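Biologist: Before we discuss particulars, could you bring the model up on the screen?

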Amino acid sequence: MNKQNSTILKLAETALLAALCYVSFTFLQIKIPVPGGDATSLHIGNAFCVLGALLLGGWYGGLAGSIGMTIADIMDPVYITGAPKTFVLKLCIGLITGLVAHRIAKINESTDKAYVLKWSVISSIAGLAFNVVADPIVGYFYKRYVLGQPQELADALAKMSAVATFINAVVSVILVAFIYNALRPALIKMNILEIHTNKTVQAK
């Protein structure tokens, strides 16, 4: 596959994953209302951001999460004010996951299933652990100083967001580990995912 075709394929896959982020957040979430008309939620949207980073690399996965989840925020009156925060945080999830998976572990250079499983889980944890810490902290300062919410309300939302984000992260890590390692052999056989070893490019 030449470079131009590879880029077009990655963009198409990024669009697909962005759509999955949007659909999973918009239609599969469990919204938890908080005082002041705001809300947090349980959802699996981040799982597809992480999956994109494992399959396509950090930038493409991060963009899939950023675009899909930001559009979902914009389309929901409850979340629309948080769209800029969402764009930045989801991009960071993808970049961190991609950094660990492809720059540190180099999972696309290995045919060892146990190695790939281990590092896909570690990479997912790294990206989502960042979100567990950053989402409530960034959310607090964003709502307190950008949106001008009262401190008590910003505190309450940050605490609820921390719990929901942690639950989302645990579920997403399990889901991504299963989906990625189930899809990977099929994608390699179809030459959609290339495995570059030191000797040659393998497709098996």
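The conversation below goes through the helices, salt bridges, strands, surface and backbone of this model.

Biologist: What kind of model is this, and how are its residues numbered?

Modeller: This is a predicted model, in which local features need pLDDT of at least 70 and side-chain atom pairs count only at pLDDT 80 or more, while totals for chains, interfaces and linings use all residues. Residues are numbered from 1 along each chain as its sequence is written, and side-chain values use heavy atoms, with hydrogens and water left out.

Biologist: Let us take helix H2. How many residues has it, and what is its reach?

Modeller: Helix H2 covers residues 45–56, twelve residues, and spans 17 Å from its first C-alpha to its last. That is close to the 16 Å expected at 1.5 Å a residue, where the expected span is 1.5 Å times one less than the number of residues. Helices (H or I, at least four residues) and strands (E, at least two) are DSSP runs, numbered from the N terminus.

Biologist: Why is H2 described as largely enclosed?

Modeller: Twelve of the twelve residues of H2 are buried, so the helix is largely enclosed by the rest of the structure. Buried means under 20% relative accessible area, exposed means over 50%, and partly exposed lies in between (1.4 Å probe, protein chains only). Among the buried residues are Phe48, Cys49 and Leu54.

Biologist: Which helices do the buried residues of H2 pack against?

Modeller: They pack against helix H1 (3–28), H3, H4, helix H5 (113–146) and helix H6 (151–189), with contact meaning heavy atoms within 4.5 Å. Just after H2, Gly57 takes a positive phi of about 110 degrees.

Biologist: Changing topic, how many salt bridges does the structure hold?

Modeller: There are two salt bridges, each defined as a side-chain nitrogen of Lys or Arg within 4 Å of a carboxyl oxygen of Asp or Glu. In one of them, Asp76 pairs with Lys31, and the closest N and O atoms are 2.7 Å apart. This pair links distant parts of the chain, 45 residues apart: Asp76 is in the loop between H3 and H4, and Lys31 is in strand E1 (residues 30–34).

Biologist: Are those two residues buried or partly exposed?

Modeller: Asp76 is buried, with a relative accessible area of 13%, whereas Lys31 is partly exposed at 35%.

Biologist: What about the pair Lys85 and Asp135?

Modeller: The side chains of Lys85 and Asp135 meet in a salt bridge at 3.5 Å, N to O. Lys85 in helix H4 and Asp135 in helix H5 are 50 residues apart, and again the pair links distant parts of the chain. Lys85 and Asp135 are both buried.

Biologist: And in what sense do strands E1 and E2 pair?

Modeller: E1 and E2 pair in the antiparallel sense over five bridges; strands count as paired if DSSP finds at least two bridges between them. The bridge partner of Pro33 in E2 is Ala39. Strand E2 (residues 38–42) is mostly covered, four of its five residues being buried.

Biologist: Now the surface. Which residues make the nonpolar patch?

Modeller: Trp59, Leu63, Ile67, Ile71, Met75, Phe87 and Val88 form a nonpolar surface patch of about 670 Å². Helix H3 (58–74) and helix H4 (83–104) are the elements that give two or more residues, and H3 gives the most, with four. Patches are made of residues with over 30% relative accessible area and no salt bridge, joining like charges within 9 Å and nonpolar side chains (Val, Leu, Ile, Met, Phe, Trp, Tyr) within 5 Å. Accessible areas come from the Shrake-Rupley method with a 1.4 Å probe; for residues, only the protein chains shown count as cover.

Biologist: What does Tyr22 touch?

Modeller: Tyr22, in helix H1, touches Phe27, Gly68, Ile71, Ala72 and Met75, not counting residues up to four places away in sequence. Tyr22 is partly exposed, at 23% relative accessibility, and Ile71 is partly exposed at 40%.

Biologist: Last point: which residues other than glycine have a positive phi?

Modeller: Lys106, with phi near 50 degrees, is one of them, and Asn191, at about 60 degrees, is another. Lys106 lies in the loop between H4 and H5, and Asn191 in the loop between H6 and strand E3 (195–196). Most residues other than glycine have a negative phi.
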